[in-house]
Amino acid sequence: MPVMKRKVLSGLAFTVLLVSLAAPNASAKITPDGTRETDTKTSADVDGNRVSSTAGAVVFDRSKNGSGKSAGPVTSSASNWTPPACYYAPRYTPEQLEKYMKPIWEAGSTGYEWDAERRKKFEGGEPYTDFNKEKTGDGYFWDSYVTEGREGDPGALDCTKDIFWVDNGAAPPADIPQAITPEMLAQLAYAEIRVPSTKVELAPEGTTKVNLPTWAWLDAAEFKPVSVTASVPLLNVQATTTAEPLSLKIEPGTADATTYPASGVCELNGKQIGEAYAKGKADETPPCGVKYLRSSGDGSYQLQATITWRIHWTGTGVAGEQDLPNGEFGADQDVIVQEIQSINR
């Protein structure tokens with residue numbers, strides 16, 4: 001069997017057998033010690049050599065994230081960039097790996113030849129003897145993880161390296177680019193960022209008139225920075241990814257409109273984007289807004305407001321903020337535009 005095919009089969013066979021042996025329902029999750037949990041915890045503990053996190057090696061702290069029904073994930077402004085779909089991190093102590101593998105071998109579902117190869121590798125000294133138990137407490141067996149929600153992503157198949165041992169404090173093998181690092185943790189935290197809806201305040205609100213400048217602005221209190229921290233407690237590494245509002249882009253929903261400024265992009269000015277309308281400013285040009293040139297008839301225009309968020313991170317061993325691609329999140333809202341009625345006497 002070719003090497004690459006064998007590696008892929010290894011991961012698939014282990015996954016199928018683990019689910020069939022230990023999961024009576026689709027929502028159950030398997031902890032590294034083989035027990036079953038149905039709820040994903042937001043923390044992890046290290047008790048001696050026991051790994052007790054139902055979310056795998058990476059733990060997320062979302063306490064400073066955006067929340068509420070209107071909150072949503074940002075989309076990278078770099079079209080060719082996404083957080084990793086898979087990664088390698090600590091998964092088993094020697095005893096846990098033994099407890100995981102022996103039922104698979106005893107089931108015989110993967111065939112005698114395959115099982116014999118695995119026994120040689122992890123029991124017979126090629127290269128590990130008795131699951132490396134003599135090094136218990138000195139390191140962990142690492143394995144691949146698929147990022148939650150990315151199971152169908154082609155990138156999830158990139159992690160084909162077989163289970164391997166890493167001593168505490170040592171770097172993982174150089175031929176494994178997906179081995180977890182603070183930067184990769186920052187990228188995983190990026191995918192967990194949630195920002196508030198981008199419904200803007202308008203004046204006039206809801207219904208405006210043809211050729212009447214409509215002011216647009218955002219309540220700065222609702223668009224404060226948000227952050228998510230990702231960590232691997234077993235390795236004492238972490239990264240915090242932060243999103244801060246940068247600008248607002250207004251798309252009127254029709255070509256028959258003029259935006260202010262002409263680009264439609266309203267930059268962050270101190271702690272606000274745009275300027276709230278105040279009485280007496282009806283004849284002024286809004287710093288951020290839109291003027292519709294044609295009535296919406298019996299319907300309405302779908303004004304789209306998109307916030308660009310500057311995203312950066314700090315983490316273990318990193319000096320200062322490091323940039324990640326900007327993120328975007330937008331929402332539509334109805335704007336009714338009426339003709340100005342005049343009466344001739």
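1. The charged end of R91 sits over the ring of Y145, at 4.3 Å from the ring centre; a charge is taken to sit over a ring when NZ of Lys or CZ of Arg is within 6 Å of the ring centre and within 35 degrees of the ring normal. The model is a predicted one, in which local features need pLDDT of at least 70 and side-chain atom pairs count only at pLDDT 80 or more, while totals for chains, interfaces and linings use all residues. Residues are numbered from 1 along each chain as its sequence is written, and side-chain values use heavy atoms, with hydrogens and water left out.

2. The structure holds 12 aromatic pairs, a pair being rings of Phe, Tyr and Trp (its six-membered ring) whose centres lie within 6.5 Å, with planes under 30 degrees apart called stacked, over 60 edge-to-face and the rest tilted. One of them is the tilted pair of Y88 and F164, at 5.7 Å centre to centre and 55° between the planes. This pair links distant parts of the chain, since Y88 is in strand β8 (residues 86-92) and F164 in strand β10 (residues 164-167), 76 residues apart; helices (H or I, at least four residues) and strands (E, at least two) are DSSP runs, numbered from the N terminus. Y88 is buried at 1% relative accessible area and F164 is buried at 6%, where buried means under 20%, exposed over 50% and partly exposed in between (1.4 Å probe, protein chains only).

3. F141 and W165 form an edge-to-face pair, with 5.0 Å between centres and 75° between planes. Because F141 lies in strand β9 (residues 139-146) and W165 in strand β10, the pair ties together parts that are 24 residues apart in sequence. F141 is buried at 0% relative accessibility, and W165 is buried at 11%. Ring pairs also join F141 and W165 with F122 and Y128 in a cluster.

4. Neighbours within four places in sequence aside, L97 is in contact (heavy atoms within 4.5 Å) with Y92, F122, F131, F141 and I163.

5. K121 lies in helix α3 (residues 112-122), and its side chain is joined to that of D162 by a polar contact of 2.9 Å. A polar contact is a pair of N or O atoms within 3.5 Å; within protein, one must be able to donate a hydrogen and the other to accept it, and residues adjacent in sequence count only if both atoms are side-chain atoms.
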